[in-house]
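Please open the model in your viewer and keep the selection tool at hand.

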Amino acid sequence: RDFMPQMGPMCGYAVTVVCEPSNGEHPKSNPHRWTEYRRFLAGIPGPKIVVVQDLDKPATYGAFWGEVNSSIHRALGCIGTICDGAIRDVDEMNQAGFKALARRMCVGHAFSCPVRWGGEVEVFGRRIQPGQLIHADKHGFLAVPFGDEKRLLEAARFMGSNECRTLIPAAKGGAGK
């Protein structure tokens, strides 16, 4: 997986979308897909992480993410993406402040456009629901099951106190910090 570690971790709520860059019929069958998808996206509160299922996987025919798409999504309140397909224009994505965790990089976009959005997707073998709390960093991502968000702070404090009772001397003075 490719990640932009210089950007740090990201945490937000999943907005789900499916793409199939190899299929040129999608943009032809509905030339308004991008507009419809962006209207949908604009109506969702943030912070948002766009979780993209690429139907072409494991092959890579094109990238859903590049400079323009990242900038537009950033303007619509998205902080990043988890994409089981490809990304491109990584330097420009970085400059836009848009984070990414993706399967690989490629140089072109092919026929990439949203096929459908707002439903369950599967990325990296994990099923993700719209609105699910997501945390991603250089190690991968965690999708918090619905209902467990309320106990997240309690669980983090519990794990932090466990780590402070370990044999790691530097951690012993960090309880509650």
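What follows is a walk through a predicted model, stop by stop.

Of its 177 residues, 38% count as buried, and the protein exposes about 9,500 Å², of which carbon and sulfur atoms supply 55%.

Next, select residues 33-42, which are helix 2, together with residues 67-75, which are helix 3; their axes come within 10 Å and cross at roughly 35°, and the crossing is right-handed. Show the side chains here, and you will find W34, Y37, R38 and L41 of helix 2 meeting N69, I72 and H73 of helix 3. By class, this contact has 4 nonpolar, 2 polar and 1 charged residues.

Now turn to the salt bridges, which come to 5 in count. Select D84 and K57, whose closest N and O atoms are 2.6 Å apart. This pair links distant parts of the chain, since D84 lies in strand 5 (residues 78-87) and K57 in the loop between strand 3 and strand 4, 27 residues apart. D84 is buried, with a relative accessible area of 0%, whereas K57 is partly exposed at 28%.

For another salt bridge, select K28 and E25, which both lie in helix 1 (residues 25-29), about one turn of the helix apart, with their closest N and O atoms 4.0 Å apart. Here K28 is exposed, with a relative accessible area of 62%, while E25 is partly exposed at 49%.

Finally, select E122 and R127, a salt bridge with closest N and O atoms 3.6 Å apart.

Definitions and conventions: Residues are numbered from 1 along each chain as its sequence is written. This is a predicted model: local features need pLDDT of at least 70, side-chain atom pairs count only at pLDDT 80 or more; totals for chains, interfaces and linings use all residues. Side-chain values use heavy atoms; hydrogens and water are left out. Axes are lines fitted to C-alpha atoms, for helices over the stretch in contact, and angles run from 0 to 180 degrees between N-to-C directions. Helices (H or I, at least four residues) and strands (E, at least two) are DSSP runs, numbered from the N terminus. A crossing is left-handed if the near helix is turned anticlockwise from the far one by less than a right angle, and right-handed if clockwise. Contact means heavy atoms within 4.5 Å. Ala, Val, Leu, Ile, Met, Phe, Trp, Tyr, Cys and Pro count as nonpolar, Asp, Glu, Lys and Arg as charged, and the others, Gly among them, as polar. Buried means under 20% relative accessible area, exposed over 50%, partly exposed in between (1.4 Å probe, protein chains only). Accessible areas come from the Shrake-Rupley method with a 1.4 Å probe; for residues, only the protein chains shown count as cover. A salt bridge is a side-chain nitrogen of Lys or Arg within 4 Å of a carboxyl oxygen of Asp or Glu.
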